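Please examine the sequence and the three-dimensional model shown below. The paragraphs after it are meant to be read alongside both.

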Amino acid sequence: MHEKYDGIIFDMDGTLWDSAENVARAWNEAVGRDMFTERDIKSVMGLTMTTIAERLFPNEPEEKRQEFLDRCCECENKYLRAHGGRLFPDTVSTLETLSKSYPLFIVSNCQAGYIEAFLEFYKLEEMFADRLCWGDDHLEKSDNIRLIMERNSLKKALYVGDTQGDCDSAYKAGAEFAHAAYGFGTADRCEFRLEAISELIDKLR
């Protein structure tokens, strides 16, 4: 165990997997037409669900927008439970190795049920000690990172994510940040940069 950290918290999209292609398929199924592309979904990943609805349904009134969002998310969770997404190379083996030395956690801006769909499809439930998302409490990511740290008595956590928002949220919460540079975004500061998730093992030795 790296003496500096007592827990590792992971973002999901762009860090553990890329589900955009299957999310687009699920959302198109939900709305009954080919309305969304993989590129559309990737453009909003990492945002809260409310913001995603505003971006993808800009011409709909708020009530209708929420109705569409709820339908899409329900279909998405069901689809991902059945089909999964695209894991980044060596994700499972890296998590297996790290879990022997650290408690692992997930904090995401996703809807309720999304993390569970990921864990169930890949049978990773026992590998993570705790998880929290925007859909659980409608709090900012920084607040949820802080809550995970508090309820698991973490004094020095490392948050692994791929975007500037992840970076800002980690430091705001009192965690440190590792940038998953193989993911979807950039970050202006980090403790270290990862070109592959497997590099995290050597970085923590």
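The model is a predicted one, in which local features require pLDDT of at least 70 and side-chain atom pairs count only at pLDDT 80 or more, while totals for chains, interfaces and linings use all residues. Residues are numbered from 1 along each chain as its sequence is written, and side-chain values use heavy atoms, with hydrogens and water left out.

Helices (H or I, at least four residues) and strands (E, at least two) are taken as DSSP runs and numbered from the N terminus. Strand 6 spans residues 157–161, and five of its five residues are buried; buried denotes a relative accessible area under 20%, exposed over 50%, and partly exposed a value in between, with a 1.4 Å probe and protein chains only. In a regular strand, side chains alternate between the two faces of the sheet. In strand 6 both faces are covered, with Ala157, Tyr159 and Gly161 buried on one side and Leu158 and Val160 buried on the other.

Strand 6 has pairing partners, where pairing requires that DSSP find at least two bridges between two strands. Strand 1 (residues 7–10) runs parallel to strand 6 and is joined to it by four bridges; in this pair, Ile8 stands opposite Leu158. Strand 7 (residues 176–180) also pairs with strand 6 in the parallel sense, over four bridges, and here Tyr159 stands opposite Phe177. Between strand 6 and strand 7 the chain passes through helix 9 (residues 164–173), forming a right-handed β-α-β crossover.

Empty space is considered next. Rolling a probe the size of a water molecule over the atoms shows where such space is left. On a 1 Å grid over the protein atoms alone, a cavity is a set of points where a 1.4 Å probe fits but cannot get out, whereas a pocket is an open set with protein on both sides within 12 Å along at least five of seven lines; lining residues have an atom within 4 Å of a point. Grid points are joined across faces, edges and corners, and a volume is the space filled by probe spheres set on the points.

How many cavities of 30 Å³ or more does this rule give? The count comes to one. The largest cavity has a volume of about 180 Å³. Its lining consists of 18 residues, of which Asp13, Met45, Gly46, Met49 and Ile52 are the closest to its centre. Helix 1 (20–31), helix 2 (38–44) and helix 3 (49–56) each supply at least two residues of this lining. By class, eleven of the lining residues are nonpolar, four polar and three charged, where Ala, Val, Leu, Ile, Met, Phe, Trp, Tyr, Cys and Pro count as nonpolar, Asp, Glu, Lys and Arg as charged, and the others, Gly among them, as polar.

The largest pocket holds about 360 Å³ of space. It is lined by 20 residues, and those nearest its centre are Met45, Gly46, Leu47, Thr163 and Gly165. Helix 2, helix 8 (141–151) and helix 9 are the elements that give two or more residues to this lining, with helix 9 providing the largest share, four residues. The lining of the largest pocket divides into four nonpolar, eight polar and eight charged residues.

Individual residues complete the picture. Gln111 lies in the loop between strand 4 (104–108) and helix 6 (114–122), and it counts as buried because its relative accessibility is 8%. Beyond neighbours within four places in sequence, Gln111 is in contact (heavy atoms within 4.5 Å) with Met49, Cys73, Glu76, Asn77, Cys133 and Gly135. Ser142, in helix 8, is buried at a relative accessible area of 4%; leaving out residues up to four places away in sequence, Ser142 touches Ser169, Lys172 and Ala173.

Lys123 has a positive phi of about 55° although it is not a glycine. Lys123 lies in the loop between helix 6 and strand 5 (130–133) and counts as exposed because its relative accessibility is 69%.

Key: Right-handed = clockwise from strand over helix to strand, strands pointing away.
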